[in-house]
Amino acid sequence: MQDNDERIGTPPLRLLVGALLALSIAAVTTITLLDPFSAPSVPTLTPEETPPLGEPLATIYFNPGASELANDSRGAIQKIWEATQLEPDSIVLISGFHDPSGDPARNAELARERALSAKAALLMAGVPEHRIVLRRPEEVPGADMQEARRVDLRVQPRLHP
């Protein structure tokens with residue numbers, strides 16, 4: 001009959017097994033914490049529940065029919081990033097706009113794509129995703145087509161329901 005030391009191994013082997021087990025647990029914990037799909041559980045409001053407060057801090061204009069950010073939008077993205085650093089409990093509210101001409105569904109989709117382009121740039125600049133809120137695209141009445149091809153960016157307090 002074997003005693004426990006012989007079945008489990010010598011004390012140095014037990015220490016090695018214990019250390020490997022501890023490292024495995026630490027690795028799994030680290031991977032779980034770094035998993036981009038397990039975002040922090042921060043309460044967020046739906047676009048309908050997050051009203052824009054005040055004037056936009058930055059506005060990005062787009063070419064007709066395009067959703068790609070122009071090179072001159074870097075300053076707006078930088079400005080928003082800096083504001084989020086100064087206001088760590090704030091959110092970035094992105095509002096996309098479109099004009100009333102043509103197919104309303106396609107216009108709304110283009111405004112959404114523009115807002116998503118701004119969101120992607122903010123993410124690349126280092127703004128955490130849980131701090132970015134997209135509002136439903138809005139139609140701009142009237143004839144000013146440039147104002148209809150824009151995305152407004154606000155840094156504002158997170159409003160809780």
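Reader: In which helix is R106 found?

Author: R106 is found in helix α4. Helices here are DSSP runs of H or I with at least four residues, strands are runs of E with at least two, and both are numbered from the N terminus. The model is a predicted one, in which local features need pLDDT of at least 70 and side-chain atom pairs count only at pLDDT 80 or more, while totals for chains, interfaces and linings use all residues. Residues are numbered from 1 along each chain as its sequence is written, and side-chain values use heavy atoms, with hydrogens and water left out.

Reader: What does R106 count as, given its relative accessibility?

Author: R106 counts as partly exposed because its relative accessibility is 39%. Buried stands for under 20% relative accessible area, exposed for over 50%, and partly exposed for what lies in between, with a 1.4 Å probe and protein chains only.

Reader: How far apart are R106 and G65, C-alpha to C-alpha?

Author: The distance is 9.9 Å in space, and R106 and G65 are 41 residues apart in sequence.

Reader: And L123, where is its place?

Author: L123 also lies in helix α4. With 34% relative accessibility, L123 counts as partly exposed. Leaving aside residues up to four places away in sequence, L123 touches P128, E129 and I132, where contact means heavy atoms within 4.5 Å.

Reader: What does α4 reach from its first C-alpha to its last?

Author: The 22 residues of α4 reach 32 Å, close to the 32 Å expected at 1.5 Å a residue. That expected span is 1.5 Å times one less than the number of residues. Just after α4, G126 takes a positive phi of about 110°.

Reader: Which residues of α4 are buried, and what do they pack against?

Author: The buried ones in α4 are N107, L110, A111, R114, A115, A118, K119, A121 and L122. The buried residues of α4 pack against β1, α3, β2, β3 (132-134), α5 (145-148) and β5. As for L122, it touches I77, I80, V92, I94, V127, I132 and L153, again not counting residues up to four places away in sequence.

Reader: How many residues has the largest nonpolar core?

Author: The largest nonpolar core has 18 residues, and those with the most contacts inside it are I60, I80, V92, I94, L122 and L153. Such a core is a set of buried Ala, Val, Leu, Ile, Met, Phe, Trp, Tyr and Cys residues joined through side-chain atoms within 4.5 Å. The elements giving two or more residues to this core are β1, α3 (74-86), β2, α4 (104-125) and β5. In soluble globular proteins, nonpolar side chains tend to be buried together.

Reader: Turning to the strands, why is β5 largely enclosed?

Author: Strand β5 (residues 150-157) is largely enclosed by the rest of the structure because 7 of its 8 residues are buried.

Reader: Which way do β1 and β2 run relative to β5, parallel or antiparallel?

Author: Strand β1 (residues 58-61) runs antiparallel to β5, joined by 4 bridges. Strand β2 (residues 90-98) and β5 pair in the antiparallel sense over 7 bridges. Two strands pair if DSSP finds at least two bridges between them. In β5, D152 is the bridge partner of T59, S95 also stands opposite D152, and I94 stands opposite L153.

Reader: What about β2 and β3, in which sense do they pair?

Author: β2 and β3 pair in the parallel sense over 3 bridges. V92 stands opposite I132 in β3.

Reader: Which residues point each way from β2?

Author: S90, V92, I94, G96 and H98 point one way, I91, L93, S95 and F97 point the other way, and all are buried. By contrast, β1 has a covered face with A58 and I60 and an uncovered one with T59 and Y61. In a regular strand the side chains alternate between the two faces of the sheet.

Reader: What sits over the ring of F97?

Author: The charged end of R150 sits over that ring of F97, 3.7 Å from its centre. The criterion is NZ of Lys or CZ of Arg within 6 Å of the ring centre and within 35 degrees of the ring normal.
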